[in-house]
Amino acid sequence: MSRKNLLLVTVDCLRGDFVGTDHADTPFIDGLVADGTDYREMYATATTTTPCVASYMTGTYSEHNGVYSLEEARLDESVPTLAEHLSAAGYDTTAMVTGPIVADTGLDRGFDEYAYRDRNEELVGDWFDEAVETVAGLEEPFFCYLHLWEIHDPVRVPDGYDDPEYGRYPYARTLSALDRALGRFHDHIPANTVTALHGDHGEAIAYRDSYLHKLTKFLRTGLRYGLGLDTRALERRLKRRFDRDPPVPDHFMEDGHGENVFDFVSNVPFVLSGPGVEDATVDAQVRQVDVLPTLLDLLRVEPTDDRPIDGESLLPPESVSDRDAYIRACGKSLVREANWQRAVRAEGHKYVEYVDRDWEPELYDLDADPLELHPVEDEPTASDLRSRIPEEGVRDGEQLEIDGLLKDLGYK
């Protein structure tokens with residue numbers, strides 16, 4: 001039997017609760033969920049793109065691969081990537097990427113072709129034909145990595161989709177349009193292909209069009225990062241006022257991603273569909289670092305070496321149980337480590353600490369408080385979760401020279 005191809009689709013900023021639900025009109029994605037394995041409780045390694053991509057491409061946390069943020073983002077040379085594993089196994093490997101994951105990060109390693117494009121070249125636009133042509137030119141077995149930017153802020157709703165039937169928010173309506181483009185793109189994929197749909201991290205979207213939100217967010221940024229004040233108590237009061245019954249889980253003081261580790265930006269979809277994939281739903285808590293070993297397991301490809309990784313395979317689905325999820329926030333506002341956070345989600349709780357501040361850590365009881373609005377006092381539990389934070393390994397602090405790119409992408 002011929003070996004399976006792999007199509008790994010990452011939709012940047014795709015929230016877990018917008019896949020397999022009615023928040024957006026997505027018949028193609030719904031079909032992947034219905035016919036494949038849907039991991040409902042996967043948590044991202046970070047809430048910023050580059051560390052997330054490094055995590056699922058290597059099966060390791062930032063502490064072990066050297067990619068900490070958008071700028072401190074050069075992959076350690078000793079850490080092998082998914083593309084390197086598959087290339088060594090005889091796969092034709094290609095990547096079609098955008099956003100901050102430029103070749104300077106080292107994430108291009110193992111790809112025969114690493115095609116970086118402008119963020120305005122989208123699958124919902126004229127770039128579609130080029131993407132199809134690229135896939136048509138691949139030799140089987142192949143690994144195609146497709147990184148999409150359509151629902152990343154600022155969102156531009158395509159013509160014909162700016163209607164409530166496609167969702168409440170512009171984010172949802174654009175996702176609905178992207179779903180159709182993905183379906184058409186997928187029609188050009190050989191039948192012997194496993195499709196993996198993933199989100200690198202989620203996105204806060206509910207209050208994006210609120211002028212009151214924009215004003216309070218502007219003030220918070222000045223107080224928290226400009227003056228170094230602990231604004232959390234005031235923020236919680238505002239959140240409790242506005243977030244009692246949100247249409248989607250979100251917080252009034254948040255937008256975008258990168259500045260917090262709440263579930264609405266860290267819970268990401270991971271769906272497998274295609275030959276040899278079970279029809280299953282997995283509700284156990286899993287991690288983004290589990291993506292690489294799962295894909296290698298599914299394709300029956302052995303790693304190129306026995307270097308230890310942080311992730312474990314998610315196959316077979318019925319054997320998966322809860323795993324500790326380690327999550328980091330490393331800064332949309334790019335004020336270096338002044339807004340970094342580290343969290344562990346386990347045992348029905350989430351522990352959050354602030355790396356470069358003397359602020360008290362937070363602990364949330366997720367069963368009693370799923371919106372994470374009311375921190376609790378429970379030192380034994382907090383101490384236990386604190387001890388599960390990975391120890392730091394690789395770190396040299398080298399900054400990539402991509403300031404202009406980050407400005408263009410809206411990060412500065």
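In which sense do strand β2 and β7 pair, and over how many bridges? I found that β2 (residues 37-43) and β7 pair in the antiparallel sense, over five bridges; two strands count as paired if DSSP finds at least two bridges between them.

Before going on I noted that this is a predicted model, in which local features need pLDDT of at least 70 and side-chain atom pairs count only at pLDDT 80 or more, whereas totals for chains, interfaces and linings use all residues. Residues are numbered from 1 along each chain as its sequence is written, and side-chain values use heavy atoms, with hydrogens and water left out. Helices (H or I, at least four residues) and strands (E, at least two) are DSSP runs, numbered from the N terminus.

**Strand β7**

I looked up the bridge partner of Y39 in β7 and found F270. Strand β6 (residues 193-198) is joined to β7 by four bridges, also running antiparallel, and there L197 has V271 as its bridge partner. I then checked burial, where buried means under 20% relative accessible area, exposed over 50%, and partly exposed in between (1.4 Å probe, protein chains only). Seven of the seven residues of β7 (residues 267-273) are buried, so the strand is largely enclosed by the rest of the structure. Both faces are covered, with N267, P269, V271 and S273 buried on one side and V268, F270 and L272 buried on the other.

**Helix α7**

Which residues of α7 are buried? I listed H213, T216, K217, R220, R224 and Y225. They cover an arc of only 130 degrees around the axis, which puts them on the same side of α7; the arc is that of the directions from the helix axis to the C-beta atoms. On the other side of the helix, Y211, F218 and G226 are exposed. Among what covers the buried residues are α8 (232-242) and β10 (341-346). At the N-terminal end I found S210 as a cap, with a side-chain oxygen 3.4 Å from the backbone nitrogen of L212. After α7 comes G228, with a positive phi near 75 degrees.

**Loop residue L75**

I placed L75 in the loop between α3 (62-65) and α4 (82-88), and at 4% relative accessibility L75 counts as buried. Leaving aside neighbours within four places in sequence, its contacts (heavy atoms within 4.5 Å) include T58, V67, T105 and R109.

**Backbone exceptions**

Most residues other than glycine have a negative phi, and most peptide bonds are trans. A cis peptide bond, with omega about 0 degrees, joins E140 and P141, the latter in the loop between α5 (128-136) and β5 (142-148). Another cis peptide bond joins D153 and P154, again with omega about 0 degrees, and P154 is in the loop between β5 and α6 (170-186).

Terms used: Polar contact = N/O pair within 3.5 Å; in protein donor to acceptor, adjacent residues only side chain to side chain.
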